[in-house]
Amino acid sequence: MAKIKALLSGYFLLLFLMVASVEIEGRIVSLLHSYDKPSFVRPSFNRIYDTSKYGILQLNNGLAKTPQMGWNSWNFFACDINETVIRETADALVLSGLADLGYVYLNIDDCWSSPARNLKGQLEPDPKTFPSGIKALADYVHVKGLQLGIYSDAGAFTCQVRPGSLFHENDDAKLFASWGVDYLKYDNCFNLGIDPKKRYPPMRDALNSTGRTIFYSLCEWGVDDPALWAGKVGNSWRTTDDINDSWASMTTIADLNDKWAAYAGPGGWNDPDMLEVGNGGMTYQEYRAHFSIWALMKAPLLIGCDIRNMTVETFEIVSNKEVIDINQDQLGVQGRKVQVSGPDGCRQIWAGPLSGHRLAVALWNRCAKASTITAHWETLGLQSSTSVAIRDLWQHKDVAEDAVSSFGARVDSHDCNLYIFSPRTEALSKI
């Protein structure tokens, strides 16, 4: 009997040591894993601001540490573009001060090229609209401290039936690099039914082989869920169909892009398409909401109006540095929808962590009437006892010094109030 007790004691001791070893190892692994996360994304925040999918696939070409900012010709000009418009837009970006705020990419969309390749099989600018050529235009843009973007298609033709780059990737990439191009938007029309995961990487490889660092923007329209695979291919990827200048389009696209928040981060961003602010199809309040949510979602901020003739209201929106700073925050975590209430979920709270242990919080009223929207701390991943200082980014003023448990505000119909929440550091240490 004594031998049996001794054997059992030894067995239980061994079992205890094994369990303890596994537990300690698990804690060490968990601790090490936590250092891979942004400092503000603590365990209590993971369920709300999940970043677990980011970093699995990374292009790592040194670009897109923050979302790209600039201007694109399509939303306002469509095919009615020429080199004069591009030069005047470059001038306007600089003279308005927008370039100093970070709007540095000047991107020419479809219709810049001739209807067919030349006798050498090369793309060439349309001689009627770009008689000086793209290189001269790039030189003009570079002198002003800006960067030039060009457009092509991962298909036989572009969407406006100009020559595409499918099966011409190496030649076209070398040509773009020789012109001094800094950015390529790569579309999805006339794709011959070939899997996008096969069509988009060849241009990545071709661009990388030129020796020139070129931002690679995939415009696959979200057809094959590019957030799942495009991080190792490009610096941004369209998650949605084209936007149009309407409230219905903008809100639908915001919701679609929100699904992929966990996949975005420094080096690669979800792209819900370009800004429509200033094109006339929405109200001032709706444009302000559009800009607020795009900034919070870490979407590319590519102005899509004619900045040579901006209204005061349009300039006020796109030049709001406090809102831009949310978009360009170094932590690089995409904000997302965290709560809905009211009819059809029209009272919404969107939020995301920022560097310096702060939060960006948007109270977005998608209802037909003005409404009070209240954010409770649990919704934001904060303990209810946490004391928070709050700054309104559209009023440019502090609105609370030590809010506790919740914060609410009256928001006009289709408008969006945007805030920075700064929890007191002593409270954060307990999270």
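## Report on cores, surface and salt bridges

Leaving aside neighbours within four places in sequence, Trp 294 is in contact (heavy atoms within 4.5 Å) with Ile 243, Met 250, Ile 253, Ala 254, Pro 272, Asp 273, Leu 275, Ala 299, Pro 300, Leu 301 and Asn 327. The model is predicted, so local features need pLDDT of at least 70 and side-chain atom pairs count only at pLDDT 80 or more, while totals for chains, interfaces and linings use all residues. Residues are numbered from 1 along each chain as its sequence is written, and side-chain values use heavy atoms, with hydrogens and water left out.

**Nonpolar cores**

A nonpolar core is a set of buried Ala, Val, Leu, Ile, Met, Phe, Trp, Tyr and Cys residues joined through side-chain atoms within 4.5 Å. Buried means under 20% relative accessible area, exposed over 50%, and partly exposed in between (1.4 Å probe, protein chains only). The largest such core has 85 residues, and Tyr 103, Ile 108, Trp 112, Phe 291 and Trp 294 have the most contacts inside it. Helix α10 (residues 284-296) gives the most to this core, with 7 residues; helices (H or I, at least four residues) and strands (E, at least two) are DSSP runs, numbered from the N terminus. Because domain 1 (69-328) and domain 2 (335-423) both give residues to this core, it lies between them; the domain bounds come from an automatic or database domain assignment. A second, separate core of 21 residues includes Ala 351, Ala 375, Ala 409 and Val 411.

**Helix α6 and its cover**

In helix α6 (residues 169-179), the buried residues are Glu 169, Asp 172, Ala 173, Leu 175, Phe 176, Ala 177 and Trp 179. Their cover includes α5 (134-143), β3 (147-153), β4 (183-187), α7 (196-199) and α8 (201-209). Gly 180, which follows α6, has a positive phi near 90°.

**Surface and loops**

On the surface, Phe 157, Val 161 and Phe 190 form a nonpolar patch with about 270 Å² of accessible area together. Such patches are made of residues with over 30% relative accessible area and no salt bridge, with like charges joined within 9 Å and nonpolar side chains (Val, Leu, Ile, Met, Phe, Trp, Tyr) within 5 Å. Val 161, in the loop between β3 and α6, is partly exposed at 45% relative accessible area. Phe 190 lies in the loop between β4 and α7 and is partly exposed at 42%. Most residues other than glycine have a negative phi. Phe 190, however, has a positive phi near 45°. Leu 192 has a positive phi of about 60° and is exposed, with a relative accessible area of 57%.

**Salt bridges**

A salt bridge is a side-chain nitrogen of Lys or Arg within 4 Å of a carboxyl oxygen of Asp or Glu. By this rule the count is 20, and three of these pairs are tabulated below.

| Pair | N to O distance |
|---|---|
| Asp 109 and Lys 185 | 2.7 Å |
| Lys 337 and Asp 255 | 2.9 Å |
| Arg 366 and Asp 255 | 2.8 Å |

Asp 109 lies in the loop between β2 (105-107) and α5 and Lys 185 in strand β4, so their pair ties together parts 76 residues apart in sequence. Asp 109 is buried at 2% relative accessible area, and Lys 185 is buried at 12%.

Asp 255, in helix α9 (residues 247-258), is 82 residues apart from Lys 337 in strand β9 (residues 336-341). Arg 366, in the loop between β11 (358-365) and β12 (371-376), is 111 residues apart from Asp 255. Arg 366 is buried at 17% relative accessible area, whereas Asp 255 is partly exposed at 27%. A network of salt bridges also links Glu 88, Asp 306 and Arg 308.

Technical notes: Areas by Shrake-Rupley, 256 points an atom, 1.4 Å probe, with all protein chains shown as cover.
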